[in-house]
Amino acid sequence: MRSPRDFFKAKVVGAPEPLREIPVRPSRMIHFFDPSNEKMAVKVPDIAKNVDIMLGNLEDAVPIDRKEAAREGLVKIGKNVNFGDTQLWTRVNSLDSPWFLDDLIRLVGEIGNKLDVIMLPKVQGPWDIYFADQLLAQLEAKYNVKKPLMLHAILETALGVANVDDIANASPRMQGMSLGPADLAASRRMKTTRVGGGHPDYLVRTDPDPKNPDAPRPTAQQDLWHYTIGKMVDACTSVGALAFYGPFGDIADLTACEDQFRNAYLMGCVGTWTLHPNQIAIAKRVFSPKAEEVAWAKRVVEAMPDGSGAVMIDGKMQDDATWKQCKVVLNLAQLIASRDAEYKALYGF
Ligand code: GLV
Ligand code: MG
């Protein structure tokens with residue numbers, strides 16, 4: 001086991017020292033774009049003004065014959081576009097692909113000081129993070145990168161889920177994780193062919209009525225992703241990292257998309273992927289606390305200035321623990337208001 005004393009030392013002479021705290025910025029949506037697609041690339045500066053994170057995707061959905069064009073397209077965009085305070089992320093190809101090494105060399109070499117986070121797909125265990133961590137330190141030293149690049153793992157293999165805690169603890173670079181429901185379904189031999197969301201056959205049914213056994217028995221659809229999101233949220237939050245929902249593939253079904261995003265928000269995720277501009281407004285609405293929740297949280301915190309003791313507000317018991325719950329909502333609202341004037345006004349900050 002590595003000595004804990006070394007955990008925050010640079011792994012390569014000349015590389016920046018690892019961060020002690022994970023940078024927490026508004027991260028309601030990670031908006032994916034294909035940098036090899038010229039039509040999409042020209043829209044990047046405008047879309048970037050309206051999202052918290054722009055992500056240049058090099059992995060799945062980019063055809064093999066456009067892998068290099070996507071990589072070079074992202075280099076160009078990274079160099080030429082002013083992202084202001086919008087984060088710039090990338091999803092590189094997986095560690096077992098023939099593109100991973102050049103993805104990292106080109107991106108860190110050319111735009112290492114502009115990138116915030118590198119998303120690693122198909123992470124299987126902490127060994128994948130150790131490898132990427134060491135290689136990044138080499139590249140940061142070689143290309144004079146000033147602040148450490150952060151890593152974000154996609155949870156999308158059965159082995160990755162089994163190792164999720166060790167992945168979260170593998171490096172101070174671990175910024176967070178996203179659920180990858182499509183690859184994960186395949187890896188686990190789940191029988192859904194959808195990208196995220198529910199499935200009408202995954203349900204529970206009420207017992208038959210003994211007096212009327214043939215009467216219809218109401219059913220309720222269950223959430224296929226609840227278990228994995230719960231594991232991911234615990235693994236991430238226990239090390240201060242951030243958990244995200246991933247893709248929702250049915251672009252036309254905005255209602256189910258909103259439901260899936262909201263379940264993830266309520267369970268502890270800070271944001272989600274958006275694959276289409278239609279999903280951006282949904283993510284913004286869902287991952288920003290509602291104005292009435294913020295007003296309630298303010299009331300509780302004001303009624304218990306030092307966060308101790310017990311008070312009753314509108315018939316509801318408040319104590320140290322509910323104060324902390326309210327602080328979560330309030331802190332998130334303040335973070336979002338610091339970037340988003342519309343929400344600042346809505347919250348009355
Ligand atoms: C995302 O990459 C997924 O596989 O769902
Ligand atoms: Mg995937």
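**Entry 1. Ligand 1.** I began at A182, where a backbone N or O atom lies 2.8 Å from an oxygen atom of ligand 1. I count such a pair as a polar contact (N or O atoms within 3.5 Å; within protein, one must be able to donate a hydrogen and the other to accept it, and residues adjacent in sequence count only if both atoms are side-chain atoms). The model is predicted, so local features need pLDDT of at least 70 and side-chain atom pairs pLDDT 80 or more, while totals for chains, interfaces and linings use all residues. Residues are numbered from 1 along each chain as its sequence is written, chains are lettered from A and ligands numbered from 1 in the order written, and side-chain values use heavy atoms, without hydrogens or water.

A polar backbone atom of D183 is 2.8 Å from a ligand oxygen, and a side-chain N or O atom of R91 is 3.1 Å from one. Taken alone, ligand 1 exposes 190 Å², and the protein buries 92% of that. Those areas come from the Shrake-Rupley method with a 1.4 Å probe; for residues, only the protein chains shown count as cover.

**Entry 2. The shell.** Which residues are around ligand 1? I noted R91, E156, G180, P181, A182, D183, P247 and W273, each with a heavy atom within 4 Å of the ligand. Helix α7 gives the largest share of this shell, three residues. Helices (H or I, at least four residues) and strands (E, at least two) are DSSP runs, numbered from the N terminus.

**Entry 3. The magnesium ion.** Which residues are the protein donors of ligand 2, the magnesium ion? They are E156 (OE) and D183 (OD), 2.1 Å from the ion. E156 is in the loop between β5 (150-155) and α5 (158-162) and D183 is in α7 (residues 181-188), so the pair ties together parts 27 residues apart in sequence. Donors are N, O and S atoms within 2.8 Å of the metal (3.2 Å for Na, K and Ca); water is not among the atoms, so a site may look incomplete.

E156 is buried at 4% relative accessibility, and D183 is partly exposed at 24%. Buried means under 20% relative accessible area, exposed over 50%, and partly exposed in between (1.4 Å probe, protein chains only).

**Entry 4. P247.** This residue of the shell is in the loop between β9 (242-244) and α9 (254-267). P247 is buried, at 8%. I compared its place with that of R5, 242 residues away along the chain, and found their C-alpha atoms 38 Å apart.

**Entry 5. Positive phi.** Most residues other than glycine have a negative phi. I found a positive phi near 55° at K122, in the loop between β4 (117-120) and α4 (126-142). K122 is partly exposed at 22%. R189 also has a positive phi, near 60°, and sits in the loop between α7 and β7 (203-205). R189 is exposed, at 68%.

Entry 6. S171 is in the loop between α6 (164-168) and β6 (174-179) and is buried at 5%. What does the side chain of S171 reach? I found the backbone nitrogen of R173, at 2.8 Å. In strand β6 I looked up Q175, which is buried at 3%. A polar contact of 2.9 Å joins its side chain to that of H152.
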